[in-house]
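Reader: I have a model open and would like to know how its labels were decided. Could you take me through them?

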Amino acid sequence: MNDSTLAPVFAHIEDNRERFIARLMDYVRHPSISAQNIGIRPVAALLKGHLHSLGMTVETIETPGHPMVFGQLGDDPARPTILLYGHYDVQPPEPLEAWISPPFEPTIRDGRIYARGVADNKGQHFAQLLAIESLLAVHGGIPCNVKILLEGEEEVGSPNIAAVVRQHADKLRADLVVTADGPMHPSGQGTILYGVRGVASFELRARTAKRDAHSGNFGGVMPNAVWQLVHLLATMKAPDGQITIDGLTDDVLPLSAMERAAMARLPLDLTAVMEEMGMTALDAPAERGYFERLMAHPTLTINGFHGGYGGAGSKTVLPAEAVVKCDIRLVEAMEPDAVFAAVEAHVARHAPDVQVVRQGAMAPSKTPMETPVAAVLRSAVAVSRGGQVLEIPSMGGSLPDYVFTKILGVPAFVVPYGNADEANHAPNENLTIDCFMGGIRTGAAILSGLGAWRS
Ligand SMILES: [Zn+2]
């Protein structure tokens, strides 16, 4: 990082504060609600205009659902290439009556811009575009090649991104992928995320007879579907917390020394977390650290269990049918297909009459912290935010980052620009002006730092 190239860019960003805020407000005024198919095409067209005005080559990538917008600036094989990912669709704004100001009439209150999509994700990828614009304005060029992919259906589960990345792998090829999405740590410290857990959802269905029966007339004769699932579930996870599905954890990659060290540096107020949730104990096994639970281990969660009678009073019924819904959160390098196969083999061995129904799945993703280009992000976040950089080896939740790390084979990082209380997906979504301005600075510092990398 060269401070003499970055300082005038930061000054330019600050000088344009009011204009940049006004332009973000113009952008978020346009609804683009993927779930309701409202305003998607007009916003895609608007974005194409923004990318054009930066001098980018722009194209629309059609999908069976909503289109993606792709732009590229620079094509010099001697320079590193960054792929920026974001999404221009937003969540439905309902319930409308819970908004203090209408969701698509952006309003500033107490240093925050309130509007649907302002943080998730329009304000964050708009900050990337303004970072490019600011570098161009001050230095007349960007010291690396920039590609940007803006999806129009992230909020409905990115059903087409894997196919698009597979089909356009050459076009999307880059040295790294950076996503600015989600909130930063509540402390406001700049954050870099290196991975996400995957997920595999399935149902177990038991049926022991054509219909429910009288628990006296058939009790002891007809097998009980609920007991069948209870016994099966008990073979899948032990009371000590260990998952006991054969072969399930075979592919789990242990955390590296660097990941363990980063995990140990993450701030945590466990008492506050437990008080907030009203928990008196942590899940078994007891000896695992808080972040180790989220980053290093898969889970087997019973999402719901249905069967028999649960209404008022009693009903002496013997249920013929029961269903349990489960998800398994996957850590690197578990594979959804192998996980489903392990579950099916386990069920075939322990309860051959129970049916396994595969549901949605998403692979985990992890970029090693040792990846050389990560150093560029560390110093970019430090120089643009000040203070300590929080490095999170993996988040507990799931995002389709595997399309970049596994299909494209490129290191992928999430560098969130949003405030921790951004209220994304909820009424009164907001982005603090500080976070927005910080995001533009971070974006510029990443591009600038990447120019110096390998040179
Ligand atoms: Zn979202």
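Reader: What makes strand 10 and strand 14 a pair?

Author: Two strands pair if DSSP finds at least two bridges between them, and strand 10 (residues 198–207) and strand 14 (residues 321–330) have 10 bridges in the antiparallel sense. They therefore meet the definition. Glycine 198, for one, stands opposite leucine 330. The strands themselves are DSSP runs (E, at least two residues), as helices are runs of H or I with at least four, numbered from the N terminus. This is a predicted model, where local features need pLDDT of at least 70 and side-chain atom pairs count only at 80 or more, while totals for chains, interfaces and linings use all residues. Residues are numbered from 1 along each chain as its sequence is written, and side-chain values use heavy atoms, without hydrogens and water.

Reader: Why is the site of the zinc ion called irregular?

Author: Its donors are Asp120 (OD), Glu155 (OE), Glu155 (OE) and His425 (NE2), at 2.0 to 2.5 Å. Donors are N, O and S atoms within 2.8 Å of the metal (3.2 Å for Na, K and Ca), and water is not among the atoms, so sites may look incomplete. Four donors count as tetrahedral if all angles lie between 85 and 135 degrees; four count as square planar and six as octahedral if opposite donors are over 155 degrees apart and all others between 65 and 115; anything else is irregular. The angles here run from 55 to 137°, so the site is irregular.

Reader: How do you know that glutamate 203 and arginine 205 form a salt bridge?

Author: The term asks for a side-chain nitrogen of Lys or Arg within 4 Å of a carboxyl oxygen of Asp or Glu. Glutamate 203 and arginine 205 come to 2.8 Å, N to O, so the pair qualifies.

Reader: And why is glutamate 203 called buried, but arginine 205 partly exposed?

Author: Buried means under 20% relative accessible area, exposed over 50%, and partly exposed in between (1.4 Å probe, protein chains only). Glutamate 203 has 7%, so it counts as buried; arginine 205 has 30%, so it counts as partly exposed.
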